[in-house]
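The sequence and the structure are shown first.

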Amino acid sequence: MDLGIAGRWALVCGASKGLGFGCASALAREGVNLVINARTAGPLAEAAKRLGDETGVTVVAVACDITTEAGRAEALAACPQVDILVNNAGGPPPGDFRDWTREHWIAAIDANMLTPIELIKATVDGMISRRFGRIVNITSSSVKAPIDILGLSNGARSGLTGFVAGVARTTVQHNVTINNLLPGQFDTDRLRNTSRSTAAKLGTTFEEVQAQRERSIPARRFGTAEEFGEFCAFMCSAQASYFTGQNVLLDGGAYPGTY
């Protein structure tokens, strides 16, 4: 299927690896030009070169902290126009809520709620004026089924979800959609780090924790960044214009609810 977005420009955050890179790669294969962002310059430059070499699209790498005002300004300035915005930031660390201070909460809310909102604010009016825009926020399955040791993420991402639920209904008449993509357990650095933390807490091995987590998924495997990216690309397609304000759970069937 031709997704009808060739020649568009996308800003993809957290795109040097993992799910962000998967999204950038899928969009590039559809002919979308990219501005990709991450904090570390070396891996980001490598990712940009790989994407450009493999697809032939224009890829601009901007190494900055997207959670800061200066970082957002730098990333936005590098993009001729933002037709597609993929919000993605690393989740806050796991832990016990009793140990978290106000500073921990503010950092989590800044990264996983306020930064996406600021980027939406900076780009949505331009999308409306051009009568095309696709915004995808990568959040977490914890929005649907909270994970006890990820309380910082549960809270901050749920705040973003509530915000999107309202604003997405005001932009769709202009062919600008805003949706959330909720990953379950994908084979990423974050999942592996969480497994190491769990193994240390339980006094078991990383391998056993990983195997147990895989057994808990009806698909009996972790997801891949590639398949996540393909799903994101469809949400950004011309065909997805009637699809807004939704929370799409991609988790191999792990969530047990009917709705």
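This is a predicted model: local features need pLDDT of at least 70, side-chain atom pairs count only at pLDDT 80 or more; totals for chains, interfaces and linings use all residues.

The whole structure contains two aromatic pairs. One of them joins W100 and W105 in an edge-to-face arrangement, with 5.8 Å between the ring centres and 90° between the planes. W100 is buried at a relative accessible area of 13%, whereas W105, at 31%, is partly exposed. F186 and F228 form an edge-to-face pair as well, with a centre-to-centre distance of 5.2 Å and an angle of 80° between the planes. This pair connects distant parts of the chain: F186 belongs to the loop between β6 (176-183) and α6 (189-202), while F228 lies in helix α8 (residues 225-235), and 42 residues separate them.

## Arginine side chains over aromatic rings

Strand β5 spans residues 133-138, and six of its six residues are buried. In a regular strand, side chains alternate between the two faces of the sheet. In β5 both faces are covered: G133, I135 and N137 are buried on one side, and R134, V136 and I138 are buried on the other.

On one flank to be considered, strand β4 (residues 84-87) pairs with β5 in the parallel sense through four bridges. V86 is located opposite V136 of β5 in this pairing. Together with helix α4 (residues 102-130), β4 and β5 make up a right-handed β-α-β unit. Strand β5 also runs parallel to β6, to which six bridges join it. N137 has N180 of β6 as its bridge partner. From β5 the chain passes through helix α5 (residues 151-171) to reach β6, and this β-α-β crossover is right-handed.

G133 lies in strand β5 and counts as buried because its relative accessibility is 0%. When residues up to four places away in sequence are not counted, G133 touches D83, M127, N175, V176 and T177. The C-alpha atoms of G133 and S241 are 9.0 Å apart in space, although 108 residues separate the two in sequence.

N179 is a residue of strand β6, and with a relative accessible area of 1% it is buried. Apart from neighbours within four places in sequence, N179 is in contact with I135, V136 and N137, as well as with M235, F243, T244, G245 and Q246.

## Positive phi angles in two loops

N175, one of the residues touched by G133, has a positive phi of about 65° although it is not a glycine. N175 is found in the loop between α5 and β6.

R220 also has a positive phi, near 60°, and is likewise a residue other than glycine. R220 is placed in the loop between α7 (206-215) and α8.

## The chain as a whole

The chain comprises eight helices and seven strands. Its radius of gyration is 18 Å, close to the 18 Å that the globule rule gives for 259 residues, so the chain is as compact as a globular protein of that length. Along the principal axes, the C-alpha atoms fill a box of roughly 55 × 40 × 40 Å.

Of the 259 residues, 46% count as buried. Among contacts in the chain with a separation of 6 or more, 73% are between residues 24 or more positions apart.

Note on methods. Residues are numbered from 1 along each chain as its sequence is written. Side-chain values use heavy atoms; hydrogens and water are left out. Rings of Phe, Tyr and Trp (its six-membered ring) pair if their centres lie within 6.5 Å; planes under 30 degrees apart count as stacked, over 60 as edge-to-face and the rest as tilted. Buried means under 20% relative accessible area, exposed over 50%, partly exposed in between (1.4 Å probe, protein chains only). Two strands pair if DSSP finds at least two bridges between them. A crossover is right-handed if, with the strands pointing away from the viewer, the path from the first strand over the helix to the second runs clockwise. The radius of gyration is taken over C-alpha atoms; the globule rule is 2.2 Å times the number of residues to the power 0.38. Contact means heavy atoms within 4.5 Å.
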